[in-house]
Amino acid sequence: MTDAPPTTAPLVALKDIHKTFGAVSALRGVSIDVQPGETFALLGDNAAGKSTLMKVLTGVYQPDRGSIEMDGKRTEFPTPSASRDKGVEMVYQDFALADNLDVRTNIFLGREPQKNILGPFLRIIDRKKMEAETKRVLERLDIPINPRLKVKRLSGGQRQAVAIGRALAFDARLIIMDEPTANLSVAKVDKLIEVTQRLKDLGIAVIIITHRLDEAFAVADRFAVMRQGQVVGRFRVGDVTEAQVAHLISHGTLDDYVDTGSGIPEDRRKIGSTSSIAVVGSMAAHGITTNGSGS
Amino acid sequence: MSLMTENIKTLLGPAELKEESLSTKVKRFVGDYGILIFFVVIFVFLAVAAPNFLTLNNLVNVVRQSSIIGLIALGMTFIMITAGIDLSVGSVVGLAGMVFAMLAPASGGAFWLPLIAGLAVGLLVGFLSAAMIVWGGILPFLATLATMAIARTAALVITDGQVVSGLSGPAEWIGSGFIGPIPVPVIIFLLAAMLCEFVLGRTKFGSHVYAVGGNEESAKKVGISTGRVLFTVYLIGGVTAALGGLVLTARLDGAAPVAGTGYELQVIAAVVIGGTSLFGGVGTIRGTVIGVLLLGIVMNGMNLLGVSSYYQQGVQGIILVLAVLLNRWKSD
């Protein structure tokens, strides 16, 4: 591993997570840790185990073996709401919005603030509070949207902002974004980079699940590469080239990597970042090591 | 959405800054208020054309005649907003009314006992539908087609197909009594409508009903118990249909096992005319009330004007088509 052992306790650490579905080993001893305020990318092809790992972290799945620590203390997420109560929020690939409802209702969907009208037995939704809070979180993201607008009238980027705002409204400490650019046009990817930077400024850690290298290189501080249920490499951005990581994703090891200069498969780099070019340029010099076994 | 329009939107900023053309604005207005306008136009026309229309007596009568379909339509609105449907309501009217009529004479003074039994029948049928839909994964149309048949059979079997007549005084009061100048069925309908409007419009549960209808998967992901929401709406639908059955039985001072046959289609028509979408996610109780009352004044007006009753269903059909066309122009 090239990343130095952290001096402070990680915000979240998943340790030696195993998960089996019938005969299929989805996770075979996976360990990752995320520092407070850090942007961490989880790279890998389909079926590498990225989503399963995140479902363990969000309390959707229970691991067969292994443990979860927050702030250095062992914890358990038996349900999704237990994980959310600890400040772990998920932004789904499809954003999980209801088109027929307005922005403020979507932000608070399932967790609506209520006020008593006739004692605690007759309670109604506190729309004023929802509206004020919605304005506040969208301002924090610097993406003003009218809270009363129906979501069906929003663009892809605005929808994503609402989905992220949903996490912010409940004091998230860690936001997991599942394939955040899958539903965005090229023009919106730069906005995503801006948004993750803003989350970092707010001290919120982000895990980005992606199979796009350029996306990971553009926004992440560190990343882990997963393949067939294991972590096959952990790097700090700048320590490796996109070509090397692409090789790692498809082969699971860098031992047989040869720099052909031909670069990266087109489909992995298409979506828009500019910063990765600098990364590619600066890195071949760096030595890299991988831990092929995962943990 | 093409890349081009996406980029143009970015340039224009938030969606609400978009300029809407005048024709779009007119369409939106007609889409949002068309049925209400139509209601007012018909109302004014009848007030002028039918001499007895605009009397307190007649108007109260219209609401009373509409109250049974109206009660059933309240529950149907909840169900249709979740993108469901309940075909069993007509049979629930028959079965709940029958149970009520059979118990009413026997219970003597305690007329609330048969009332509760009748409502429990509605809950039971609603529960059966919901169990098939939520636990069995059966489409609402098919599940409630089954409960429609089962409930009707039950109504026929328990009386061997016979009519039951002669309720005790207090039970009859629900159908033909008055509180001041207002008939009891009207009071029941208006109170139920206000309660439903409140629940759907102001509470957390109401908000979740819309969310389930708009995007069930998203609702699940944000932690809404969609099964519980669906169960609740079919229970509400069962209770309001049973309440309709009780009022009908009380008004007729008796119950026939085939009572309420075909009501489901009238109710669905009224709810759709009131602006609820069959695809779910859209609709209001006040819209449903207007839809029910619109059909009510049209039928009443045709009677007053001496139009043959043969035309009534056809006119209902035309209004339905008109309403569906107007709903397309609704603002988002």
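What pLDDT does chain A average, and what share of the residues score at least 70?

Mentor: This is a predicted model, and chain A averages a pLDDT of 83, with 84% of the residues scoring at least 70. Within chain A, confidence is highest in helix α3 (residues 103–107), at a mean of 96, and lowest in helix α10 (residues 275–283), at 38. Over residues 270–295 of chain A the pLDDT stays under 50, although the model has 57 contacts beyond four places in sequence for this stretch. Where pLDDT is low, the predicted coordinates should not be read in detail.

With that caution in mind, let us turn to a helix pair in chain B. The axes of helix α7 (residues 169–176) of chain B and helix α11 (residues 226–252) of chain B come within 7 Å and cross at roughly 105 degrees. Because angles of 65 to 115 degrees count as roughly perpendicular, α7(B) and α11(B) are described as roughly perpendicular to each other. On the α7(B) side the contact is made by B:Ala171, B:Glu172, B:Ile174, B:Gly175 and B:Ser176, and on the α11(B) side by B:Leu246, B:Val247, B:Ala250 and B:Arg251. Sorted by class, this contact has five nonpolar, two polar and two charged residues.

Leaving aside residues up to four places away in sequence, B:Ile72 touches B:Val89, B:Val93, B:Thr240, B:Ala241, B:Gly244, B:Tyr263 and B:Val267.

Terms used: Residues are numbered from 1 along each chain as its sequence is written. Chains are lettered from A and ligands numbered from 1 in the order in which they are written. This is a predicted model: local features need pLDDT of at least 70, side-chain atom pairs count only at pLDDT 80 or more; totals for chains, interfaces and linings use all residues. pLDDT is the predictor's confidence in each residue, from 0 to 100. Helices (H or I, at least four residues) and strands (E, at least two) are DSSP runs, numbered from the N terminus. Two residues are in contact if their C-beta atoms, placed from the backbone, lie within 7 Å. Axes are lines fitted to C-alpha atoms, for helices over the stretch in contact, and angles run from 0 to 180 degrees between N-to-C directions. Angles under 35 degrees count as roughly parallel, over 145 as roughly antiparallel, 65 to 115 as roughly perpendicular and the rest as oblique. Ala, Val, Leu, Ile, Met, Phe, Trp, Tyr, Cys and Pro count as nonpolar, Asp, Glu, Lys and Arg as charged, and the others, Gly among them, as polar.
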